[in-house]
Amino acid sequence: MPSLHELVRAHTDLVEDDIAWLQLLMADWQILADLSFADLVLWLPDREGRGFWAGGQMRPTTGPTALVDDVLGTFIPAGRRRMLDEAYGSGRLVREGDPEWRDDVPVRVEVIPVRRAGRVIAIIARNTNLLGVRTPSRLELSYLQTAAELTQMIASGHFPLPGQRSDHADSPRVGDGFVRLDPAGKVVYASPNGLSAYRRLGLQGDLAGLVLTDLTRDLVPVRKRPDEETLSAVLGGRDGRATEVGTDDVTLIVRSIPLRPQGDRSGALLLVRDVTELRSRDRELVTKDVTIREIHHRVKNNLQTVAALLRLQARRTQAEDAKAALEEAVRRVGSIAIVHETLSHALEETVDFDDIADRLGAMVVDVSGVDLPVRVVREGTFGKLSSDAATPLAMVLTELLQNAVEHGYAGLTDRTEGRVVVTARRIVGRLHVVVEDDGRGLPDGFDLDGSTQLGLSIVRTLVESELGGVLEIGPGSRGTRVQADLPVD
């Protein structure tokens, strides 16, 4: 289905500020749909005046739908729906006296002009399935009265409100808890769910007739409520935003929407949601993340201890072959330690591998035994990688850089500097890594399959078995070129 942006660009003259206003409206129009027990359709005026395009659609969660099929992206020519033309042309709400019949369902239609900065930029058709209409309860009457005031605010350009939006994951909805305030901040009506939320805070009795800010101060300890200005503004219905209040056992989100159908504040709609369990899960996740980071930190410390012990042993070893083997082991352990150090500071189990690659390049150059200065340069980006992929890739890169430095430049006397380029590119779920040096190149008759070098064996095993990729080694433009092609998420 086309997006709002696509429809606006293709068919209307609306500007960026108009689009932002409509997006803000659509972020909150689930509230209007639920209070109205009706489907909402946003109609956008065609730039040539030929009719209207359906730019958005919202169904209610409080009643039956009047629109079985999706209408997003459809077009209605001018003259086919008189109410749309009239509401857009006059800038006033238009209500149909007799219901429309759609698939044997009577539907009452009302059209609301959407005004911004004094201009009507779109219209909303509100479609109510009359088969679900019965003698309204006090809850339904309160919903409908509030919906009527929100409708007038849309038509006059006073809604939506900047700030909090109801499309956020933890935002309260109409069904979570509905509280209606008068201009003085006194509760006129509270839905059963809204009343239950406050009873979980410790309320005895009913909410009706109570000043919500005073009640909240009595029920919620100072350390568990917002500052006094926020408490008074939100729970008094004067400011359109959300806040959290609660006790040690219960946490509520309260969102306020001041109602100004005629310009002056007539009261406020408060939506209340019990997020106790959600906040408990958040705390568990934070604790889990901290624990995981601490584990990575301790693993890094242990690996550094192992590397230090191997380095100490290498210094005491007389045999050159054994000393070289121990020093290679130190580098391999160090490359893994760098990954765990990065993960110990990360908020997720993914790492920015560019930083790791740069640190590995510096580490290999610092500990190399060649006399020629060598510079490692990275081009492109590895992006973020999971810890499962980062650890073997770090070892692979360490081995390739070590081979490039030691075998490419050892003993060269006709050069002033060596240069190793690490190129990384991500293309359609694949990571292409190339390590190319300008050293002496591969020995004559080199064959990867027949190589007995431990480093290359480690690289090949990690690339092909651990990472599920493909490894290629061959001559480069001047020296040696190694390419690894790896699948990534």
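How many salt bridges does the structure hold? The structure holds 26 of them, where a salt bridge is a side-chain nitrogen of Lys or Arg within 4 Å of a carboxyl oxygen of Asp or Glu. Before I go on, please keep in mind that this is a predicted model, in which local features need pLDDT of at least 70 and side-chain atom pairs count only at pLDDT 80 or more, while totals for chains, interfaces and linings use all residues. Residues are numbered from 1 along each chain as its sequence is written, and side-chain values use heavy atoms, with hydrogens and water left out.

Let me take a few of these salt bridges in turn. Arg-9 pairs with Glu-16, and the closest N and O atoms are 1.8 Å apart. Arg-9 is partly exposed at a relative accessible area of 44%, and Glu-16 is likewise partly exposed, at 44%; here buried means under 20% relative accessible area, exposed over 50%, and partly exposed in between, with a 1.4 Å probe and protein chains only.

Another salt bridge joins Glu-96 to Arg-82, with 3.2 Å between the closest N and O atoms. Glu-96 sits in the loop between strand E4 (94–95) and strand E5 (100–102), whereas Arg-82 belongs to helix H3 (residues 82–90), so the pair ties together parts that are 14 residues apart in sequence. Helices (H or I, at least four residues) and strands (E, at least two) are DSSP runs, numbered from the N terminus. Glu-96 is partly exposed at 28% relative accessibility, and Arg-82 is partly exposed at 46%.

Glu-100 and Arg-102 also meet through their side chains in a salt bridge, at 2.8 Å from N to O, and Glu-100 is partly exposed, with 22% relative accessibility.

Turning to the overall layout, the protein is divided into domain 1 (4–156), domain 2 (178–275) and domain 3 (349–487), with bounds that come from an automatic or database domain assignment. Taken over C-alpha atoms, the centres of domain 2 and domain 3 are separated by 61 Å.

Now to a pair of helices. Helix H11 (residues 387–409) packs with helix H12 (residues 454–466) at an angle of about 145 degrees, and their axes are 9 Å apart; the axes are lines fitted to C-alpha atoms, for helices over the stretch in contact, and angles run from 0 to 180 degrees between N-to-C directions. On the H11 side the contact includes Pro-392, Met-395 and Leu-400, and on the H12 side the residues include Leu-456, Ile-458 and Val-459, contact being heavy atoms within 4.5 Å.

Finally, I would like to look at two individual residues. Which strand holds Ile-112? Ile-112 lies in strand E6 (residues 105–116) and is buried, at a relative accessible area of 0%. Leaving aside neighbours within four places in sequence, Ile-112 is in contact with residues including Ala-122, Ile-124 and Thr-151. Ile-112 and Gln-204 are 92 residues apart in sequence, and their C-alpha atoms are 41 Å apart in space.

Is Thr-243, the second residue, buried or exposed? Thr-243 counts as buried, at 10% relative accessibility, and its place is in strand E10 (residues 242–246). Not counting residues up to four places away in sequence, Thr-243 touches Pro-226, Thr-230, Val-234, Leu-235, Leu-252, Ile-253 and Val-254.
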